[in-house]
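Biologist: I have a model open and some time to go through it. Can you walk me through the main points?

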Amino acid sequence: MKHALHRLRTGAVALAACTLGLSLLSVPAAEAYSVAPLAPSSERAPESNQFSAEGVTTIGELRTVGSSLSYAPNGGTQVIQHPGATYIKVHFSSLRLAEGDYVTVSSRDGKEGYRYDRHLNRATGSDYTTDGQPGFWAMSVDGDTAVVTLHSSRPARGSAATIDRFWRGYDRTEVAAHNFSTQSVCSTDARRDVVCYQNSHPTEYARGRAVARLLISGGGMCTTWRVGNTNRMLTNKHCFSTQSAVSGSEMQFNYQCATCGGANPSAGTKVSGATLYKVSSGGSSQLDYTLFSVNNFAAIQGFGTLYLATTATSNGTRIYIPGHGDGSPKRLSIYEDAQNGATCAVRNANYNTWNISYSCDTSGGNSGSPVLNASHRVIALHHLGGCPSNQGAKAHLIYNEIASLIDNG
């Protein structure tokens with residue numbers, strides 16, 4: 001969330017206990033090896049290389065490491081580990097693979113994994129991100145360990161790959177220590193896991209499927225969502241606003257718990273950013289939007305999409321907000337303070353030229369969340385916190401600027 005108003009240090013961050021279990025390709029678990037490879041030591045990268053963006057929740061740190069895979073006996077597996085990390089995202093500075101050989105990057109239990117060969121073809125291999133420097137970033141894996149394995153049946157020689165850096169995710173205590181939060185949970189936090197509303201609010205639950213967690217350049221966190229019928233996504237300009245940042249980021253769909261208050265999220269789908277289409281003019285207190293597309297669009301089409309309202313909203317309009325506040329599995333803000341109490345509503349439909357206001361609960365990481373009305377149209381793009389006037393940029397004004405770039409249904 002944009003930290004434009006009064007700040008206070010977050011005492012605790014409500015990160016859910018959910019752990020992510022993806023099943024993208026079958027890879028062996030680290031325990032399957034007769035002699036487990038030792039993880040090389042790593043160091044925190046210089047501060048100038050760490051993620052830092054005004055108003056964006058920092059959820060990880062960049063670390064440097066010297067590691068390689070080779071064709072030598074016992075040289076084909078490398079473990080990248082940081083105890084307590086919530087994710088690991090590995091950077092390959094080079095791949096020197098023979099034709100037909102490939103490497104996998106997997107979680108320790110093998111449930112999540114990605115495959116890369118010398119061609120780095122997303123159509124035949126896995127997705128990845130880039131940062132404008134030599135090499136590429138594998139997609140992140142959940143947990144504190146990434147197992148990198150060379151797959152080859154050839155009697156080749158020499159080095160096959162070099163790993164020089166990795167991002168590791170902060171735990172909840174570290175997230176609290178590295179971030180400030182505005183007072184944007186107004187009174188009692190009434191947010192609940194989206195699945196809590198699957199039966200009582202089935203349409204709100206279904207519309208929330210189009211909303212994804214946005215991992216920015218390995219270390220930052222916002223919310224993003226599909227807009228319209230084509231390959232288009234919206235988030236805040238203050239989350240990212242350049243092509244390099246789009247190319248360096250991941251969008252994680254369906255990161256949500258399978259049972260209400262549980263620790264069992266359903267399988268997630270990660271895709272990388274593709275093309276930056278448009279960024280709003282003016283400061284982050286104005287319309288504050290970024291429109292972009294993703295790679296492997298077919299993988300996320302089944303999660304549905306959202307549509308922008310094309311006219312102004314009014315005071316008292318019922319609203320709800322799905323999003324990834326604090327980087328947590330997806331939650332819904334439907335009620336103001338208590339379940340089955342007063343529903344969230346627009347407090348001021350013309351708070352200023354650019355924004356509406358509401359006291360529906362949000363927190364850092366909700367930046368970029370859609371604010372929907374009872375007709376399930378997006379009436380605002382959430383971006384500013386400060387109870388009782390959390391703010392969202394007016395969606396009909398955003399529509400006026402991007403209408404020619406989207407299919408709004």
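Biologist: Let me start with a pair of residues. Which residue in β13 does Leu95 stand opposite?

Modeller: Leu95 stands opposite Ala161 in β13. The strands concerned, β6 and β13 (residues 159–169), run antiparallel and are joined by 7 bridges. Keep in mind that this is a predicted model.

Biologist: What else pairs with β6 over 2 bridges?

Modeller: Strand β10, residues 136–138, pairs with β6 in the antiparallel sense over 2 bridges. There, Phe92 is opposite Phe136. Strand β11 (residues 141–142) also pairs with β6 (residues 87–95), antiparallel and over 2 bridges. Tyr87 has Asp142 in β11 as its bridge partner.

Biologist: Back to confidence. What is the average pLDDT of the protein?

Modeller: The average is 89, and 89% of the residues score at least 70.

Biologist: And where does pLDDT stay under 50?

Modeller: Over residues 1–35. The model has 117 contacts beyond four places in sequence for that stretch. Where pLDDT is low, the predicted coordinates should not be read in detail.

Biologist: Noted. Now the sheets: in what order do the strands of the 4-strand sheet come?

Modeller: The order is β5-β12-β7-β8, in an open sheet with antiparallel pairing. At the edges are β5 (77–81) and β8 (113–117), each with a single partner strand, so one side of each has no neighbour in the sheet. On average, neighbouring strands of this sheet are turned by 20° against each other, direction ignored.

Biologist: How many bridges join β7 to β8?

Modeller: 5 bridges, with β7 (residues 102–107) and β8 running antiparallel. As an example of facing residues, Thr104 is opposite Arg115 in β8.

Biologist: And the sheet with 8 strands, what is its order?

Modeller: That one reads β15-β23-β22-β26-β27-β28-β25-β24, again an open sheet with antiparallel pairing. Its edges are β15 (192–193) and β24 (346–348); each has a single partner strand, so one side of each is left without a neighbour in the sheet.

Biologist: Which residue of β25 does Val346 stand opposite?

Modeller: Tyr358 in β25 is opposite Val346. β24 and β25 (residues 355–358) pair in the antiparallel sense over 2 bridges.

Biologist: Which strands does helix α4 lie across?

Modeller: Helix α4, residues 395–402, lies across β27 (378–384) and β28 (390–394). The helix runs at about 35° to β28.

Biologist: Let's look at the loop between those two strands. What kind of peptide bond joins Cys387 and Pro388?

Modeller: A cis peptide bond, with omega at about 5°. Pro388 is in the loop between β27 and β28. Most residues other than glycine have a negative phi, and most peptide bonds are trans.

Biologist: On phi, then: is the phi of Asp288 positive or negative?

Modeller: Positive, about 50°, although Asp288 is not a glycine. Asp288 lies in the loop between β20 (269–279) and β21 (290–294).

Biologist: Which residues line the largest cavity?

Modeller: Its lining consists of Ala312, Thr313, Ala349, Ile356, Ile379, Lys394 and His396. These lining residues divide into 4 nonpolar, 2 polar and 1 charged.

Biologist: Why roll a probe to look for empty space?

Modeller: Rolling a probe the size of a water molecule over the atoms shows where empty space is left.

Technical notes:
Residues numbered from 1 in each chain as written. Predicted model: local features only at pLDDT ≥ 70, side-chain atom pairs only at ≥ 80, totals over all residues. Heavy atoms only, no water. 1 Å grid on protein atoms, 1.4 Å probe; cavity = no way out; pocket = protein on both sides within 12 Å on 5 of 7 lines; lining within 4 Å. Nonpolar A, V, L, I, M, F, W, Y, C, P; charged D, E, K, R; others polar. Pairing = 2+ DSSP bridges. Contact = heavy atoms within 4.5 Å. Axes fitted to C-alpha atoms, helices over the stretch in contact; angles between N-to-C directions. pLDDT = per-residue confidence, 0-100.
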